[in-house]
Amino acid sequence: MSRPTRISPLLSERLGLPRTERENWRLDTDTVGRLQWRYLDADSDKEELKRRPQRTYEKYLLGLDNDLPELPRAENAYDAALNGLRFFKELQLDEGFWACRYGGPMFLLIGMVAVHYYTKTPFPEPWRIEVIRYLTNTAHPVDGGWGLHSEDKSTVFGTSVNYVVLRLLGVEPDHPVTALARKTLHKMGGTVGAPQWAKLWLAALNLYEYEGINPIPPDAWLLPDWFPAHPSKWWIHTRQVYLPMGYIYSERLKATLDPLLTSLREELYTCPYKDIDFAKHRTTVSPIDVYYPHTTVLNVMNSAIVLAQNYLRPNWLKRKCRETVVNLIRKENTDTKYLSVGPVSFALNALVMFAEEGPDSVAFKRHLDRTTDFMVMSSDGMLMMGTNGVQAWDTSFALQTMCTIGAAELPEFQETVKKGHKFLKNSQFTENCSPGSYRDPRLGCWPFSTKDQGYTVSDCTSEAMKAVLMVQNLPYIEAGIPDEKIYPAVDVLLSLQNRGSFSFGSFSSYEQIRGPPILEWINPAEVFGNIMVEYPYVECSDSVVIGLSYFRDHSDYRHAEVVQAIDDAVKFIKSEQDSNGGWYGSWGICYTYAGMFAIEALSYQGENYENSEWIRKGCHFLAKRQEEDGGWGESYRSCETVTYVSHEQTQVVNTAWACIALMLADYPDVEVITRGIKLLMSRQKANGEWLQEGIEGVFNRSCMIEYPNYKFYFLIKALGMYAKKYGNPKLC
Ligand code: LAN
């Protein structure tokens with residue numbers, strides 16, 4: 001059942017669920033962007049509540065009234081841009097970055113809650129109340145289930161794991177939310193049809209049997225490094241998730257059965273637990289959930305591994321696997337300050353460290369300390385984020401926007417620019433990773449979220465480098481990053497370019513492509529596509545072209561190689577354009593997102609509508625998709641179906657992306673752009689803000705993810721560019 005738009009007010013309110021006092025939440029941070037929501041107790045923290053009043057950004061993020069003033073009505077795009085920026089500036093934290101609620105994926109909370117339950121670590125009461133609220137508010141408005149992401153139909157995956165979360169947090173089975181969800185789960189066939197990642201968490205909670213999970217042998221790590229299928233060749237997220245999963249699977253970790261778990265065993269299935277032959281359900285996955293079905297190769301391989309495991313796995317081999325996995329997890333913990341690359345591996349690693357080193361170990365305690373980095377409070381309740389934030393990425397675009405539209409020169413925004421610059425300066429990596437971690441150099445690069453998280457991404461380094469260079473042109477920026485400290489970032493970018501035959505010249509996300517794409521045949525996750533290896537990504541390639549082009553015009557360092565790298569990447573970008581002129585976006589929704597980045601990259605080479613057939617086709621693709629009201633609206637279904645699908649309503653973010661692309665291209669029919677710009681202005685509120693519309697981002701083709709700050713800086717950029725380019729006419 002597709003998801004109708006949510007009925008307001010929030011379901012949690014209609015059901016009268018308990019809630020915490022929103023006025024008592026505070027967001028703590030540090031100079032490298034750590035985000036920690038803290039609940040102050042009305043009695044024991046009375047003093048602090050008085051001493052530390054809530055800041056505007058806290059009120060905004062919590063959905064409270066934010067006393068920001070009404071601004072003079074904008075009659076032209078420039079004033080609208082500045083009004084938007086005046087609002088957005090108030091959301092900046094003192095340390096220079098922007099916070100947000102990076103939600104969307106609905107399969108993350110289970111990890112956090114399972115670890116607390118398994119290890120008997122109390123789940124903080126304010127979190128418990130607010131997680132229950134969040135899940136209540138994101139349940140499907142009709143059938144009460146959950147999907148892979150917050151806008152998805154209900155699936156066995158989302159419904160099983162979030163049902164378990166609610167029950168472990170104390171919601172009774174006859175509560176209206178759990179009762180309806182369970183009914184839907186049973187209608188879908190019950191938890192036997194859950195995909196592998198759900199089965200693994202449920203097995204660790206003693207709610208599913210390990211024989212019913214397709215094998216996750218950590219033994220793969222013992223293959224020689226040169227072997228093409230060695231896990232070090234997999235995409236970083238896949239290898240970091242399957243590493244601890246391999247431990248949990250191989251060691252058959254199981255929570256102690258208690259009355260709650262015993263009851264859950266009966267609630268999740270359509271027949272009594274003891275009657276289920278789990279081994280028979282190893283390959284059962286609900287068709288509603290499947291995005292990437294098992295291949296025959298994988299099924300045959302799995303059956304062979306099951307046999308080998310049962311008869312041919314001596315204890316010494318099991319011990320060796322355990323040592324290898326633990327050793328690699330320790331390196332990951334050191335290199336990411338216990339955050340790990342993402343939320344799934346974070347929770348899995350915490351469980352492994354508990355099992356391996358015990359409840360009082362430093363490692364387990366450090367993991368527990370990091371749980372706050374992922375748990376974010378919002379108006380709908382508390383959720384676990386897709387990463388520990390979007391700090392460096394958002395700050396880079398915010399700074400670029402202010403420079404592009406000339407706002408950075410205005411006195412009222414100089415403090416904002418200075419603080420943002422300082423944050424990017426603090427976020428640059430100053431050391432490389434542990435030897436033997438299979439990680440590439442990262443010195444001089446930037447992360448997507450924070451320096452502590454420790455991972456660089458090709459486009460994050462490139463966009464941050466561009467932001468830093470742009471800002472450092474401003475006369476009032478004093479302590480800039482010297483060129484010698486930018487060079488290592490350029491070295492890394494150059495080293496990340498793919499050289500393989502089908503991907504020549506392109507850039508992937510975290511690393512070069514290390515393994516053959518045929519490894520996708522053994523993608524075991526069922527719900528995600530394109531996860532086994534790195535792929536050439538058009539947006540990553542665009543961003544690197546943009547960053548390196550900016551650098552090329554700034555410095556002579558490795559000039560010939562930089563020029564060559566840009567050239568090769570541009571060829572790749574052109575070759576990726578579909579015959580209808582669209583570019584498929586892998587990280588944003590979808591063709592409008594990638595179209596903007598691709599056209600920007602080409603425009604940096606002096607290409608435009610007049611002289612480039614690629615840009616011309618790209619513009620026609622976008623212009624054709626403009627809607628009646630002058631806006632663009634693209635549905636997340638574009639990402640799944642790999643073809644443009646219109647949203648039911650136009651979206652400000654898609655509209656801004658399309659307008660930016662058309663302006664960069666010098667699209668001759670200015671009226672098309674003007675209509676888009678007018679739409680952005682018409683949706684702006686009196687205090688300069690825009691309200692949240694549909695979800696903006698995606699990963700692995702099937703899972704959507706929120707980028708709440710896109711509705712600020714991309715809109716401000718579109719409006720400001722329009723004003724600069726077309727003489728800022730009066731528009732209303
Ligand atoms: C992200 C977020 C940022 C994103 C961009 C920088 C925008 C992109 O251009 C490159 C890829 C990257 C870094 C990216 C990769 C996958 C991530 C980390 C995410 C979409 C955020 C969450 C997602 C991660 C895989 C979620 C955990 C789920 C698993 C399947 C392990």
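Mentor: With the shell around the ligand. Its residues divide into 15 nonpolar, 4 polar and 1 charged. Here Ala, Val, Leu, Ile, Met, Phe, Trp, Tyr, Cys and Pro count as nonpolar, Asp, Glu, Lys and Arg as charged, and the others, Gly among them, as polar. This is a predicted model: local features need pLDDT of at least 70, side-chain atom pairs count only at pLDDT 80 or more, and totals for chains, interfaces and linings use all residues. Residues are numbered from 1 along each chain as its sequence is written, and side-chain values use heavy atoms, leaving out hydrogens and water.

Trainee: Which residues come nearest to the ligand?

Mentor: A residue is near a molecule if one of its heavy atoms lies within 4 Å of it. Of the 20 residues around this ligand, Tyr102, His237, Phe448, Asp459 and Trp587 come nearest. A polar side-chain atom of Asp459 lies 2.3 Å from a ligand oxygen atom.

Trainee: How much of the ligand's accessible area does the protein cover?

Mentor: Accessible areas come from the Shrake-Rupley method with a 1.4 Å probe. On its own the ligand has 630 Å², and the protein covers 99% of that.

Trainee: Which elements give two or more residues to the shell?

Mentor: Helices are DSSP runs (H or I, at least four residues), numbered from the N terminus; strands are E runs of at least two. The elements here are helix H10 (236–251) and helix H18 (458–471).

Trainee: Which residues does UniProt list for "domain: Squalene cyclase C-terminal"?

Mentor: UniProt annotations may be inferred rather than shown by experiment. The unreviewed entry lists residues 392–723. Over that range the chain is 48% helix and 5% strand.

Key
A polar contact is a pair of N or O atoms within 3.5 Å; within protein, one must be able to donate a hydrogen and the other to accept it, and residues adjacent in sequence count only if both atoms are side-chain atoms.
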